[in-house]
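Reader: I would like to learn how to read domains, helix packing and chain contacts. Could you take me through them step by step?

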Amino acid sequence: MADLSINLAGIKSPNPFWLASAPPTNSGYQVQRAFEAGWGGAVWKTLGDPILNVTSRFAAISFNGQRVAGFNNIELITDRPLEVNLKEIYETKKRFPNHAIIASLMMEPKQEKWHELVKRVEDVGVDGLELNFGCPHGMAERGMGSASGQVPALVERQTYWVKEVAKTPVIVKLTPNITDITSTAEAACIGGADAISMINTINSLMGVDLDSWNTIPHVAGKGAHGGYCGPAVKPIALNMVAECARHAHINVPISGIGGISNWQDAVEFMLMGATGVQVCTAAMHHGFRIVEDMIEGLSHYLDGKGIKSVSEIIGKSVPRYSDWGNLDLNYNIVAKINTDVCINCNKCHIACEDTSHQCIDMLTDENGKSYLKVREEDCVGCNLCSIVCPVDGAIDMVEVPNELPPMSWNDRQSALSLVTECKIDINK
Amino acid sequence: MEKIQRISNINLEINFQEVERALTNQEALEESNRCLYCYDAPCIKACPTGIDIPTFIKKIASGNLLGSAKTIMSSNPVGASCSRVCPTEELCEGACVLNHSTKPIMIGNLQRYATDWAIKNEQTLFEPGTPNGKSVAVVGGGPAGLSAARELARFGYEVTIFEAAEKAGGLNTYGIVSFRLPQTISYWEVDQVEKLNVTIKTNTRVGKDVSVKELLEDFDCIVLAVGMAHVPHLGIEGEDLEGVYDAIEFVKETKSRKLSNEFVGKRAVVIGAGNTAIDGATCSVRLGAENVKILYRRTEEEMTAYDFEYEFAKQDGVEFRWLTAPKRIIGDEHGKVTGIECIKMHLGEPDQDMRRRPYPVKGSEYVIPVDAVIKAIGQTRHLELIEALELQHESGVVQVNKETYQTSNPIIYACGDVVFGKGKGDAMVVTAAQQGKQAAYSIHRQFTAVETAN
């Protein structure tokens, strides 16, 4: 069996699956239940100054009957006294010395207040700290969470303050509510962060009730934006992880977060540069027991590939992620329909006909049987047909051999500029 | 779905409640979302009335149940009944592309879900057209007649339905067993037609309560949709004994008045093996009969009942006696049935109908003691009326143009079972509904063409 243990900037855990700082890690009771179930680590629900919560805090969207495709919350940081949390962290760590406990922290941007919080938390024996610069609702209105996380200078300065006193590794958790997450990730690195984690939740309004016209959720007839997470955000999170991973000036480990629901999602995040992952929505949907399959599935995957340690896959796909300008313009794929697998729902035809490149024909063979055929000369290889096809294996996207050498837009432009320069020379 | 409820001998009413459970909201949502929403979907082509099935299912998924019911009923004026009685595995569900990958969508049940919603919420789905001054008499208020009337009324015709029975709906009201199709469903469909200002004259038999001459004089056009008549005579001894029933009348009784308990503990045989025979048999079981046998002179292979009906009868405990023909019905001194003498049969080679003719096995006679004999060997035709209208026919099957449903008299159209010939597929409710629609469209074309010509 492959070694699943990870070491994220010095924080060790028996497997890469941590619970993210959120309702599942609100108390010692919960975190201990999670560790019993098999979770490798937990980021304790954010500690800070006392707050008050409202009721009616969560909402989710269903998509075509699938529940919790996306999830939203307006709950704030912990609403329990700091002493109680610290006592339970201490007890939990004592019971589970080999599991990672990371304290999530949030504080107003004042150096002495950060210093005081860090010291108190480290005194009870946490394995690391995670600075919450991501929470987009409520706390942000008070200058904390994503309000800090959206300003690179504030990220850098507060990270620096924490690092002045911290003895354990410091992870900076970033908000996705920003145009370019690498700018704040870089600021965290400059501030001395030992690692970064992403993404926190995305500003969201889950819906409007068609009968009452209230927001979903609403608090006594009023709503406020929440933080969006769950399976729907995974591609956004994965891109942000990948962009940081391939960035020349961001050279710290990444803890990947955002819609991770199973071991496959975890593998994708790790291939794209995450050292470990954090999970919340999937646990909130199904309970802590989901980790059993995550561990087993990951283990079987690695064994199947003959990989000894999960650490070996970290970042393996990062070199394959680049800018559009570096993609090969001469690469060519076309759709091929396997008529023996096709069930003739014609969804590929109508999708192509109405919304793509009009190259799938509905035909009838000599026996009167309907079939679909791609006019390959008109196919642009967009993949739409294979995306809408409801049957695995009915449509393959097949590479068409090309005699031309690879050439990207960037290659082309630089080649053209050489020609232009030549011409200028000639004209001279 | 769920196991069929056990038959009660005490509360017979329970036995006649609809057996198929309706989908819950959750089930309907999940199932509707499973539909692929095919383009040029084969289920639409497999539906005789061409209901836009993916569209009505999509509307269920989006919560647009009124729109869903309209989509269904627009194509099929008896779409609520059809959701329950159509042989869906041979039609829409049989054509579902998911048969080739997972399992077909429960189209019938979803159709029932949407139409049930419209019934429960007392929706009126359509409006009458602007009156065009033309009048049409529809003879027979069954599926074909209602369907023709509905479409004509939407075009603006003044439509009068002449219905011999106490209520309109025909087969749906009286002929399909209550535990498959509750009468309330049929009444709602009749009501939808009536709301389009269609006059329905019930208890009015054409040729008796109103003359053929009057009809021909008073209306611009006539739609003949009288269906079929009673079960023919077996032509054997003892048919007049007490305890011998016509299956059509027998089923009608269970839908017309309080259920009788005279079948409780009795032994019954049904002669024939079509869907009506199954109905006669399952009704007998549900009336409390202790033993019910279906006697058929051919075999399981040749029986015309739908597979699901056959299965249903078996689950109700109905026994089947193949290659068995009745020879005479035996009665006691009070004129009551006490038994039936049968003879074993064997099958010959297929004849020109491709059906194998049964021949009696000499000396194989035996007697089954019974208290009731239910005849279900087909239906006779309304010959008298057809002849009074002077229409061309073949042994009571009115001859029509296959596309227009126009009869030998250009102002008379015919549709439904009255044009249904032997060996011409299934006499389905849904086919009758489609023919009614087509007759209506032909009539409309006829009049609009005349107007355009003028």
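Reader: How is chain B divided into domains?

Author: Domain bounds come from an automatic or database domain assignment, and here chain B consists of domain 1 (12–120), domain 2 (135–229 + 381–453) and domain 3 (244–375). This is a predicted model, in which local features need pLDDT of at least 70 and side-chain atom pairs count only at pLDDT 80 or more, whereas totals for chains, interfaces and linings use all residues. Residues are numbered from 1 along each chain as its sequence is written, with chains lettered from A and ligands numbered from 1 in the order in which they are written.

Reader: How many residues of domain 2 of chain B are in contact with domain 3 of chain B?

Author: Two residues are in contact if their C-beta atoms, placed from the backbone, lie within 7 Å; by that criterion, 7 residues of domain 2 of chain B touch 11 residues of domain 3 of chain B. The centres of these two domains, taken over C-alpha atoms, are 31 Å apart.

Reader: At what angle do the axes of helices H5 and H6 of chain A cross?

Author: Helices (H or I, at least four residues) are DSSP runs, numbered from the N terminus, and axes are lines fitted to C-alpha atoms over the stretch in contact, with angles running from 0 to 180 degrees between N-to-C directions. The axes of H5 (residues 152–165) and H6 (residues 181–191) of chain A come within 7 Å and cross at roughly 30 degrees. H5(A) is therefore roughly parallel to H6(A), a term for angles under 35 degrees.

Reader: Which helix gives the largest share of the side of chain A that touches chain B?

Author: In this interface, 12 residues of chain A are in contact with 12 residues of chain B, and helix H11 (residues 347–355) of chain A supplies the largest share of the chain A side, 3 residues.

Conventions. Helix = DSSP H or I, 4+ residues; strand = E, 2+ residues; numbered from the N terminus. Parallel < 35°, antiparallel > 145°, perpendicular 65-115°, else oblique.
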